[in-house]
Amino acid sequence: VFPSLAQAQVSVANEVYQELGQPSVFLFCPTEYCSSLCSPSPSQSCYLQTIGQELLPGIGVIWTGPKVVSQELSAALLEEVEAVLRRRPVIWDNLYANDYDCRRVFLGPYMGRAPGLMSRLHGLLLNPNCELQANFIPIHTLGTWFRSELGSCAHPDRAGMEAVAAPGGGQGAQDGSYSPQEALELALRDWVAEINQQALEPGG
């Protein structure tokens, strides 16, 4: 019925989106959802070109970055993806996902995302550890990163600058920079306080 997989997917997605009354949030996850799955590259992928051309503009497209689990996200990559998709991507961030190896738990700070990325995104979803309690640091440090991004938006002359704040130096979200180490220390402080509070509660 369809000349390609992309056109089949677009046809179904567009019809469902319209049938639901074009909701404000409607996300489409493409088969090629990261650079390593694209042939030969995101900008030259016939599949993604079709998605960008024919998917209705109100539909958000999910993207995980260079790989399924991306250690870094760069502005250059997001520009390439935005150009081929004809919309800013929704990042599905697998930085902390451990469903592929549940023997590991990821407790480091949110990092590896270039400053000033928020203005290039339609949204960001964080795929967490499977263990609920282990997500305190990921979510807390993501919040600190987000606040620093808001600071960068308020001061566009600082966008793209690398954070140079020393741990405990009192900088960070207040001046629009982001220090992963400082964000980690803040998260650990609050997590210890949360654990101590729970220990005092009945059944703690």
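Contact means that heavy atoms lie within 4.5 Å of each other. The structure above is a predicted model, in which local features need pLDDT of at least 70, side-chain atom pairs count only at pLDDT 80 or more, and totals for chains, interfaces and linings use all residues. Residues are numbered from 1 along each chain as its sequence is written, and side-chain values use heavy atoms, with hydrogens and water left out.

**Confidence**

- Where pLDDT is low, the predicted coordinates should not be read in detail.

**Overall fold**

- The chain holds five helices and four strands; helices (H or I, at least four residues) and strands (E, at least two) are DSSP runs, numbered from the N terminus.
- Along the sequence, their pattern is α-β-α-β-α-β-β-α-α.
- Of the 204 residues in the chain, 40% are buried; buried means under 20% relative accessible area, exposed over 50%, and partly exposed in between (1.4 Å probe, protein chains only).
- Among contacts between residues at least 6 apart in sequence, 70% join residues at least 24 apart.
- The chain exposes about 11,200 Å², and carbon and sulfur atoms supply 57% of this area. Accessible areas come from the Shrake-Rupley method with a 1.4 Å probe; for residues, only the protein chains shown count as cover.

**Helix α3**

- Helix α3 spans residues 75-85, and its residues L77, L78, V81, V84 and L85 are buried.
- Seen down the axis of α3, these buried residues fall within an arc of 130°, so they line one face of the helix. The arc is that of the directions from the helix axis to the C-beta atoms.
- An α-helix has 3.6 residues a turn, so residues three or four places apart point the same way.
- The cover over the buried residues of α3 includes α2 (46-54), β2 (60-63) and β3 (90-93).
- The exposed residues A76 and A83 sit on the face of α3 turned away from its buried side.

**Surface patch**

- V12, V16 and L20 form a nonpolar patch on the surface, and together they have about 260 Å² of accessible area.
- Patches are made of residues with over 30% relative accessible area and no salt bridge: like charges are joined within 9 Å, nonpolar side chains (Val, Leu, Ile, Met, Phe, Trp, Tyr) within 5 Å.
- V12 belongs to helix α1 (residues 5-19).

**Salt bridges**

- Side chains of opposite charge can pair when their charged atoms come close.
- The whole structure has four salt bridges; a salt bridge is a side-chain nitrogen of Lys or Arg within 4 Å of a carboxyl oxygen of Asp or Glu.
- One of them joins R113 and D93, with the closest N and O atoms 2.7 Å apart. This pair links distant parts of the chain, 20 residues apart: R113 is in the loop between β3 and β4 (123-126), and D93 is in strand β3.
- R113 is buried at a relative accessible area of 7%, and D93 is buried at 1%.
- D101 pairs with R103, and their closest N and O atoms are 3.1 Å apart. D101 is buried at 17% relative accessibility, whereas R103 is exposed at 79%.
- D190 pairs with R189, with the closest N and O atoms 3.4 Å apart. D190 is partly exposed at 29% relative accessible area, and R189 is exposed at 53%.
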